[in-house]
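These are my notebook entries on a structure that was new to me. I record what I looked up, one topic at a time.

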Amino acid sequence: MALDFYTIDDFALDNKTVLVRVDINSPVDPSTGLILDDTRIRLHAETIGELSNRGAKTVILAHQSRPGKKDFTTLKQHAESLSKILNHKVEYVDDIFGSNARNSISKMKRRDILLLENVRFYSEEILTREPKLQSETHMVQKLSPLADYFINDAFAAAHRSQPSLVGFAFMLPSAAGRVMERELKALYNAMDNVQRPCVYILGGVKVDDSIMVMENVLENGSADYILTTGLVANIFLWGSGINIGKYNKSFIKNRGYCEYVKKSKKLLKNYRDKIIIPKDVAVCMGNKRVEFSVDDIPNHPIYDIGTDTITEYAGYIRKAETLFANGPAGVFEKEDFNIGTEDILNAIASSHAFSIIGGGHLAAAANQMGLSKGISHISSGGGASINLLAGENLPVVEVLMERACRKI
């Protein structure tokens with residue numbers, strides 16, 4: 001797919017006011033309210049720093065969590081963290097598009113950086129509507145006249161159609177930031193130039209995402225094998241007729257995933273030679289790891305894939321030329337049950353294949369285990385990359401390309 005959109009390189013930014021949308025949504029300790037990990041802030045610092053170095057007056061739009069969540073908070077800490085990373089003052093304004101925000105923007109000087117308040121404090125931001133309608137919201141209408149350009153660097157939120165993500169592109173010349181540019185080039189290039197065998201490793205607890213990807217890549221023939229791990233594997237084990245125990249069945253039912261058991265049966269019927277399910281599993285008994293063949297699973301929680309399965313999966317990974325992975329193989333936060341995730345990541349990192357890992361827990365595990373350097377591309381956005389792999393259109397990308405063609 002041709003990616004025809006503008007990048008930062010296409011605009012003369014010196015002394016221009018630039019609105020830049022980033023995704024610095026970070027894990028926050030619910031008890032202290034402090035940011036636990038600044039990975040995403042560091043990631044977007046590249047784009048923000050470049051804009052400032054090129055003389056732009058940089059106005060940052062960002063969000064933190066969503067209403068109703070314990071980590072839904074202001075962006076004051078984010079501004080402090082970004083200031084330290086950039087070694088450059090980032091002014092925080094506790095306003096989004098009111099008079100305080102607009103006055104602060106109008107007073108900016110060359111190379112100034114300003115971070116506006118959490119855009120999700122504004123009720124219209126969390127409404128999903130057609131992109132053109134989002135350009136009519138108060139936020140977009142109030143801020144657009146103050147800016148010369150809009151830069152979208154929020155790849156992790158590219159699957160959402162919200163005012164701060166898609167609305168400004170209808171009002172201002174728009175381009176992709178460095179994170180967005182890098183993500184799209186890597187993912188689309190990998191999908192357009194798949195080398196065989198192509199192996200997907202799908203796990204974690206977001207079963208709906210994994211099955212959506214599975215249906216797409218099996219139907220379009222882009223996947224040679226799909227290795228199932230995590231809760232995804234448990235659902236396919238149950239769908240294949242294996243008794244996974246009352247505890248694990250109840251867990252699946254309580255999450256509302258019974259419909260995916262039915263889908264797994266259909267997928268196994270049509271693609272049984274391509275969908276690989278575990279031979280053995282590790283269950284938690286007395287808070288310890290105990291492995292069992294899938295023919296003899298006791299009524300205890302399944303927390304990981306077993307050793308025989310790890311060995312088999314590593315064989316598929318070694319033979320692959322292209323690898324896509326999303327979701328951990330088990331409850332990797334528990335020491336006894338991180339073996340599957342670590343060994344799978346080890347196999348991916350040591351493989352000669354072009355490898356892509358979705359964002360979220362698997363990316364965190366790769367970084368935590370020191371295996372990220374051996375992986376070709378680690379996506380910053382699990383939801384966006386999963387939607388892309390599942391054949392879904394990303395509203396942010398569509399708007400960037402559409403507006404570039406119109407050359408507003």
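**Entry 1: Helix 15**

I began with helix 15 (residues 382-389), which is mostly covered, with seven of its eight residues buried. The model is a predicted one. The buried residues of helix 15 are Gly-382, Ala-384, Ser-385, Ile-386, Asn-387, Leu-388 and Leu-389. I then asked what covers the buried residues of helix 15. The cover includes helix 7, strand 7, helix 8 and strand 13. After helix 15 comes Gly-391, and its phi is positive, near 85°.

Strand 13 was listed in the cover of helix 15, and I turned to it next. Strand 13 (residues 322-326) has five of its five residues buried, so it is largely enclosed by the rest of the structure. Which residues point which way from strand 13? I noted Thr-322, Phe-324 and Asn-326 on one side and Leu-323 and Ala-325 on the other, and all are buried. In general, side chains of a regular strand alternate between the two faces of the sheet.

I looked up two pairings of strand 13. Strand 7 (residues 198-202) runs parallel to strand 13 and is joined to it by five bridges. In this pairing Tyr-200 has Phe-324 of strand 13 as its bridge partner. Strand 14 (residues 354-357) is also parallel to strand 13, through four bridges. Here Thr-322 has Phe-354 of strand 14 as its bridge partner.

**Entry 2: Nonpolar cores**

How many residues does the largest nonpolar core have? I found 60, and the residues with the most contacts inside this core are Tyr-200, Met-214 and Phe-236. Not counting residues up to four places away in sequence, Phe-236 touches Ile-211, Met-214, Thr-228, Ser-264, Leu-267, Leu-268, Ile-275 and Ile-277. Another core, of 28 residues, lies apart from the largest one, and among its members are Ala-320, Ala-363, Met-369 and Ile-375.

**Entry 3: Helix 8 against helix 9**

Two packed helices are described by the angle between their axes and the distance between the axes. For helix 8 (residues 207-219) and helix 9 (residues 230-239), I noted axes that come within 9 Å and cross at roughly 70°. Helix 8 and helix 9 are therefore roughly perpendicular to each other. The helix 8 side of the contact consists of Val-207, Ser-210, Ile-211 and Met-214, which meet Leu-231, Val-232, Ile-235 and Phe-236 of helix 9.

**Entry 4: Helix 1 against helix 7**

Helix 1 (residues 39-53) and helix 7 (residues 178-192) have axes that come within 8 Å and cross at roughly 125°. That angle makes helix 1 oblique to helix 7. Helix 1 contributes Leu-43, His-44, Glu-46, Thr-47 and Glu-50 to the contact, and helix 7 contributes Arg-178, Val-179 and Arg-182. By class, the contact of helix 1 with helix 7 has two nonpolar, two polar and four charged residues.

In what order do the strands of the open sheet of six strands lie? The order is 3-4-2-1-5-6, and the pairing is parallel. Strand 3 (90-92) and strand 6 (174-176) are the edge strands, each pairing on one side only. On average, neighbouring strands of this sheet are turned by 25° against each other, direction ignored.

Within the sheet I checked strand 1 (residues 17-21) and strand 2 (residues 57-61), which pair in the parallel sense over five bridges. Val-18 has Thr-58 of strand 2 as its bridge partner. Helix 2 (residues 76-86) packs on the sheet and touches strand 2, strand 3 and strand 4 (113-115). The direction of helix 2 makes about 175° with that of strand 3.

**Entry 5: Two single residues**

Gly-245 lies in the loop between helix 9 and helix 10 (246-254). Is Gly-245 buried or exposed? Gly-245 has a relative accessible area of 5%, so it is buried, and buried means under 20%. Gly-245 and Ile-297 are 52 residues apart in sequence, yet 6.6 Å apart in space, C-alpha to C-alpha. Gly-245 also touches Pro-298 and Asn-299, not counting residues up to four places away in sequence.

Thr-309 lies in helix 12 (residues 307-319). Its relative accessibility is 0%, so Thr-309 counts as buried. Leaving aside neighbours within four places in sequence, Thr-309 is in contact with Pro-278, Lys-279 and Asp-280.

Note on methods
Residues are numbered from 1 along each chain as its sequence is written. This is a predicted model: local features need pLDDT of at least 70, side-chain atom pairs count only at pLDDT 80 or more; totals for chains, interfaces and linings use all residues. Side-chain values use heavy atoms; hydrogens and water are left out. Axes are lines fitted to C-alpha atoms, for helices over the stretch in contact, and angles run from 0 to 180 degrees between N-to-C directions. Angles under 35 degrees count as roughly parallel, over 145 as roughly antiparallel, 65 to 115 as roughly perpendicular and the rest as oblique. Contact means heavy atoms within 4.5 Å. Ala, Val, Leu, Ile, Met, Phe, Trp, Tyr, Cys and Pro count as nonpolar, Asp, Glu, Lys and Arg as charged, and the others, Gly among them, as polar. A nonpolar core is a set of buried Ala, Val, Leu, Ile, Met, Phe, Trp, Tyr and Cys residues joined through side-chain atoms within 4.5 Å. Buried means under 20% relative accessible area, exposed over 50%, partly exposed in between (1.4 Å probe, protein chains only). Two strands pair if DSSP finds at least two bridges between them.
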